[in-house]
Amino acid sequence: MDLEQLFSQYKEQSIEGRYITLDKIYPILEKLNTNNQLEIIGKSVLDIPIYKFQIGTGKIKILLWSQMHGNESTTTKALFDFLNLLSGDSELAKTLLKAFTFYAIPMLNPDGAKLYTRANANEVDLNRDSQDLTQPESKVLREAFECFKPDFCFNLHDQRTIFGVASTGKPATLSFLAPAYNDEREVNETRLKAINLIAGINDVLQSYIPGQVGRFDDGFNINCIGDTFQFLGVPTVLFEAGHFQNDYWREETRKYVFMALVSSFEILSENDIVDSRFDNYLSIPQNKVVFYDFLYKNIKINYDGIEIITNFAAQYKEELIDGQICFNAYVVHISELENYYGHFEYDAKGAIYQDENENSPKLNQKANFYLNDKKFVNGVLVQSL
């Protein structure tokens, strides 16, 4: 199957970028709602509807949810690309709809999506509320789980640009986790199903993004929704959509999430899972915090009258300004940067640092500066003077 061509055919063109709100996805839901598949299943803190879209008649029941964290929208885009496929008339769609029943919650946290925050409107991280269920959004997801009784759960998230694949120097474009179900992180039949599925997904993705798939940390936290659902006996797969080179809007990453979803259900529909692929799963390198967005090496600064050579790093903050996401770069680290990588790296070779006020970088300041005759604005080299 040509997954690249499939993505191009079913990509939902009306949504792109990072700022995905309910206002943007509701027209798509209406368009897809050809047979009363759309339903309001609850309301957010700010009384905004939370929708489910259900499609398919198969025995295997799949529960998927995205934007539990409001500022994690990549998987929402890919989920709509996948729903477009299911709503088409291809043989693949017919096969999947016959094998599965899909229950999708494309935006669990519409308030956080609007505010572009991880938490909901009460400033609660919904992925730490799976036991106490203090928030209406948490209760909506738990009720969906209990009523639908899924055979598999797909917990769809984004992760920051700081994550790489171990110490390979490659970004973790996609990472996966079969969450633990106990403190000992043991593997029972339920967790093994998720492990085997991830190993199969990884086999497919290595043909497209070799060396850019990571394995998320499996420390157990019963307050996390994936750990809870795994504990309750339903195989759960965590998706973490990460950085692809020069893809801060995550349109390339979106494509690989779509590929991973399609591959998941092909594997499950063909029952293409061997008894145990635990070793294959463990061979996926772990996520590691090894990246900054910008890394500047061998910078000359004047420190108390003494010239020294140092390094510094800058990182984007994604800031919602007038309804737009702005990537603003700030200095976050100064001095040694051994074993770290930059998505953009610049070797100053002893060039002298200067900004409008200082002769050395300061933490948390905007990354606007000069290195000799080179001018950097918002972290980026813009001109030579």
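This is a predicted model: local features need pLDDT of at least 70, side-chain atom pairs count only at pLDDT 80 or more; totals for chains, interfaces and linings use all residues.
Reader: In what order do the strands of the four-stranded open sheet stand?

Author: Strands of a sheet pair through backbone hydrogen bonds, either parallel or antiparallel. Here the order is β13-β12-β11-β14, and the pairing is mixed. Strands β13 (324-334) and β14 (341-347) each have a single partner strand, so one side of each lacks a neighbour in the sheet. From one strand to the next, the twist averages 30°.

Reader: How many bridges join β11 to β12, and do these strands run parallel or antiparallel?

Author: Strands β11 (residues 291-303) and β12 (residues 306-321) run antiparallel and are joined by eight bridges. As for individual positions, N302 has E307 of β12 opposite.

Reader: Which residues touch the most other members of the largest nonpolar core?

Author: That core has 67 residues, and those touching the most other members are L64, L85, F102, F154, F176, F239 and F265. The element that gives the most to this core is helix α9 (residues 251-269), with ten residues. Another core, of 22 residues, lies apart from it; among them are Y248, F294, Y346 and F369.

Reader: What is F239 in contact with, leaving aside neighbours within four places in sequence?

Author: With those neighbours left aside, the contacts of F239 include F154, F176, I201, V257, A260 and L261. Also among them are N155, H157, S175 and S264.

Reader: How should I read the packing of α4 and α9, and at what angle do their axes cross?

Author: Two packed helices are described by the angle between their axes and the distance between the axes. The axes of α4 (residues 91-99) and α9 come within 10 Å, crossing at roughly 60°. That angle makes α4 oblique to α9. The crossing of these two helices is left-handed. On the α4 side the contact is made by L92, L96 and A99, and on the α9 side by V262, F265, E266 and S269.

Reader: Is I50 buried or exposed, and why?

Author: Buried means under 20% relative accessible area. I50 has 0% relative accessibility, and therefore counts as buried. Its place is in strand β2 (residues 49-55). Leaving aside neighbours within four places in sequence, I50 is in contact with residues including I40, I41, I105, M107, L108 and V140. E39, K43 and E137 are also among the contacts of I50.

Reader: What separation is there between the C-alpha atoms of I50 and Q212?

Author: These two residues are 162 residues apart along the chain, and their C-alpha atoms are separated by 33 Å.

Notes:
Residues are numbered from 1 along each chain as its sequence is written. Side-chain values use heavy atoms; hydrogens and water are left out. Two strands pair if DSSP finds at least two bridges between them. Axes are lines fitted to C-alpha atoms, for helices over the stretch in contact, and angles run from 0 to 180 degrees between N-to-C directions. A nonpolar core is a set of buried Ala, Val, Leu, Ile, Met, Phe, Trp, Tyr and Cys residues joined through side-chain atoms within 4.5 Å. Buried means under 20% relative accessible area, exposed over 50%, partly exposed in between (1.4 Å probe, protein chains only). Contact means heavy atoms within 4.5 Å. Angles under 35 degrees count as roughly parallel, over 145 as roughly antiparallel, 65 to 115 as roughly perpendicular and the rest as oblique. A crossing is left-handed if the near helix is turned anticlockwise from the far one by less than a right angle, and right-handed if clockwise.
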